[in-house]
Amino acid sequence: MLETINLTKRYEDGELALDGLTFKVEPGEIFCMFGANGAGKTTAINLFLNFIPATSGTALIEGIDVAKDPLKAKRHVSFVSENVMLYGNFTAIQNLDYFSRLAGKRNLAKKDYAAVLERVGLQKEAFDRRVKNFSKGMRQKLGIAIAVVKDAANVLLDEPTSGLDPQSGREFLEILVQMRDTGKSVFMSTHDIFRAKLIADRIGFMRKGRLVMMKTAKELAHEDLTDLYIQYMEEQPGQPAQPAASV
Amino acid sequence: MLRDIIKKEILDNITSPKFVFTFLLCTILILLSIYTGVTNYRAEKKEYTAALALNKKNMESQPNYQSLAGIGIKVSKPPQVLGTVVTGIEEAVGRVAPVNIAADPNLIDSKYSSNPVFAVFGSLDLMFIVKIVLSLFAILFTYDAIVGEKEKGTLKLALSNDVPRDRLILGKAIGGYISLLLPLLIPLVLGLLILLITPDISLSGQDWARLLLIFLMFFLYLSVFFSLGLFVSARTSRSSTSFLVLLFIWVVFVMVIPKVAVITAGQIRPIPSVHEITAKKDAFLQQIQSEGQKGFIEWTKKNAAEAQKDVKAYQEKFRKFIQDYQQELTSKIDENNAALERDYQQMKRAQQSLAVNLSRISPASALTFGSMTLARTGIDDFDRFLASVRAYKPIYTKWINSKLGQSINFQTGEQVQIKIDDMPQHIYEPQWLSRSLVRTIPDFALLAVMIIVFFVGAYVSFLRYDVR
């Protein structure tokens, strides 16, 4: 489970990047967070991964406060970033092997890696090719393979579908659905409203560091997400987030 | 986990084009430098042996002691076997010190003076390659060690796991350093094999110890630039900025500080020029020669009556007078020259010491002075050699003066055939390893301090590094 309680981040230059963010992602749930650039989505992920310290509030992974015990908390989370280049001189399998070892998975054989790479939709010919020759879509697949191998209970994704072609995007969503179906808590920051609508159990809108709206998939069933997106991105909210059923 | 990080770092480096490039260039340059060093040493050794034989033959062929006193003798400095790896100032400073009654010994006949084109580009010895080329490679291996991973996104990905930052930086440092040493060690071992199999080169146990210490100094020097690279890489947010900053520091360390230190020392502690000292010596020599003439005339006038009475007794007295008088005059010259030289050397040493200490801010200077001291091709060694020749000069002067007095045959007017078997020999004791080691302690210590400072800087910076 992923949870933030009144999480606030103010940078040294005075910019308020996150303002009392509170939400929870339950096991077996995909939570998609929307927001313009600079809204605070990535800051929330950076706080979950303890890359930056919070000004106030708490970020919890499986109930562990990431500020107090970051290493223990990170054991329970996988991360897929927007545009990871990986090690260009390594093959897909070498990259996967290294990050799996960092994640504590040491006893995996080449066939295990091949199975994961196949599952995320990477062509077999690419397994032993140097990653520097990969397209963005191929690298993203490898990134998700790294998260799959770690097999953590929680997954953080920072705009993972940006720049993916339709086919790769669809394969990517299928994997996220599989993850949810195995009981993982998935938090995805994205601009991709079309893909998010297909898989999200809940969505949230962020503006200037605040969560200004949160709705369940059921609530969204009869609404046009594009209109909502435009409405919440343009509107001056003045109101805190509307509580959703699952929060 | 540490092993995995080290393994990854090595694999990432050795599969990169920069490793292949570094390895090839290192192999070519190191082997070329050792080959050149060996060839030069063999030629110098031959030249040295020939010079000794020629000097002896030249002395023996002199018709009399007057003639021998006129030409004097030439003391040659033996070439140092470790000059094959650290040429030092061997090629810039003279290899021969002429010793005669009138002049004060100085080193002449350097390789650069006989062929100035060598001075234009300097020598391609192993120290030069380590100091210039390999230090740049150390920067090339580390400038993007941290910041490059940030740009690739791999740092975020790695640290999204339960990987302690201290272990990551340690693994990167160890792995990176091993990757840097690999292209260096293989050609170095091959170079040592060349030294072992070359017939004219024999390394004593002490030479091997010196060689190992020189290599240790090379590794420390490269470690300075390696840890500096890590430090700068952990302080910047763009690899291009990191590279530019490192390049700037490299230029300052390797090119600017050593030269500025010498110029500054010259300004702070100026010394008279060699010409001024020579002019003073010449003036005193002329004064003594003039006094000598007067003394001789006075003596002959005073003893003219004796020459009429008993010729044989007069000749014996004259012989004694000449011998003592010559010795007295040369002693005066020697004393004066020694005093001038002592003052000059004292001032020069003070200036040198200031220049050396100022330049030691730069690791390149610490490497240069330390490795030259260990190879016995530095300023110390030449000063010691010159001092030994200067100490030998009065011994030689005394011998030649005694021979001059004995060689006059007043009866026949014939000159006595010269014999140089009893001529005192110049002895030069090279510096002992323990003494060299003591002299290089500041250099080793400075390099070690720089490594610690830069590595701790890199370590602390990485613990606080913004990986976003």
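Does Tyr98(A) count as buried or exposed, and how many C-beta neighbours does Tyr98(A) have inside 10 Å? In this predicted model, Tyr98(A) has 23 C-beta neighbours inside 10 Å and therefore counts as buried, the cut-off for a buried residue being 20 or more. Tyr98(A) belongs to helix H3 of chain A, and, once its neighbours within four places in sequence are set aside, Tyr98(A) is in contact with Asp4(B) and Lys8(B).

The pairing of S6(A) with strand S7 (residues 154-158) of chain A is in the parallel sense and runs over 4 bridges; within it, Phe79(A) has Leu156(A) of S7(A) as its bridge partner.

Chain A also holds an open sheet, in which 4 strands follow the order S2-S1-S4-S5 with antiparallel pairing. Because strand S2 (16-25) and strand S5 (64-65) of chain A stand at the edges and have a single partner strand each, one side of each is left without a neighbour in the sheet. Strands S1 (residues 2-10) and S4 (residues 56-61) of chain A run antiparallel and are joined by 5 bridges, and in this pairing Glu3(A) has Leu60(A) of S4(A) as its bridge partner. Helix H1 (residues 41-48) of chain A packs on the sheet, where it touches S1, S2 and S4 of chain A, and its direction makes about 110 degrees with that of S1(A).

Turning to chain B, one finds 17 helices and 2 strands. The radius of gyration of chain B is 30 Å, whereas the globule rule gives 23 Å for 468 residues; the value is well over that figure, so chain B is more spread out than a compact globule. Along its principal axes, the C-alpha trace of chain B spans about 115 × 50 × 35 Å. Of the 468 residues in chain B, 37% are buried, and among its contacts between residues at least 6 apart in sequence, 85% join residues at least 24 apart.

One helix pair in chain B can be followed in detail. Helix H15 (residues 363-375) and helix H17 (residues 433-463) of chain B pack with their axes 9 Å apart and at an angle of about 155 degrees. Since angles over 145 degrees count as roughly antiparallel, H15(B) and H17(B) are therefore roughly antiparallel to each other, and their crossing is left-handed. The residues that make the contact include Phe369(B), Gly370(B) and Thr373(B) from H15(B), and, from H17(B), Asp443(B), Phe444(B) and Leu447(B) among them.

Notes. Residues are numbered from 1 along each chain as its sequence is written. Chains are lettered from A and ligands numbered from 1 in the order in which they are written. This is a predicted model: local features need pLDDT of at least 70, side-chain atom pairs count only at pLDDT 80 or more; totals for chains, interfaces and linings use all residues. Two strands pair if DSSP finds at least two bridges between them. Two residues are in contact if their C-beta atoms, placed from the backbone, lie within 7 Å. Axes are lines fitted to C-alpha atoms, for helices over the stretch in contact, and angles run from 0 to 180 degrees between N-to-C directions. The radius of gyration is taken over C-alpha atoms; the globule rule is 2.2 Å times the number of residues to the power 0.38. A residue is buried if 20 or more other C-beta atoms lie within 10 Å of its own, exposed if 12 or fewer, and partly exposed in between; C-beta atoms are placed from the backbone. Angles under 35 degrees count as roughly parallel, over 145 as roughly antiparallel, 65 to 115 as roughly perpendicular and the rest as oblique. A crossing is left-handed if the near helix is turned anticlockwise from the far one by less than a right angle, and right-handed if clockwise.
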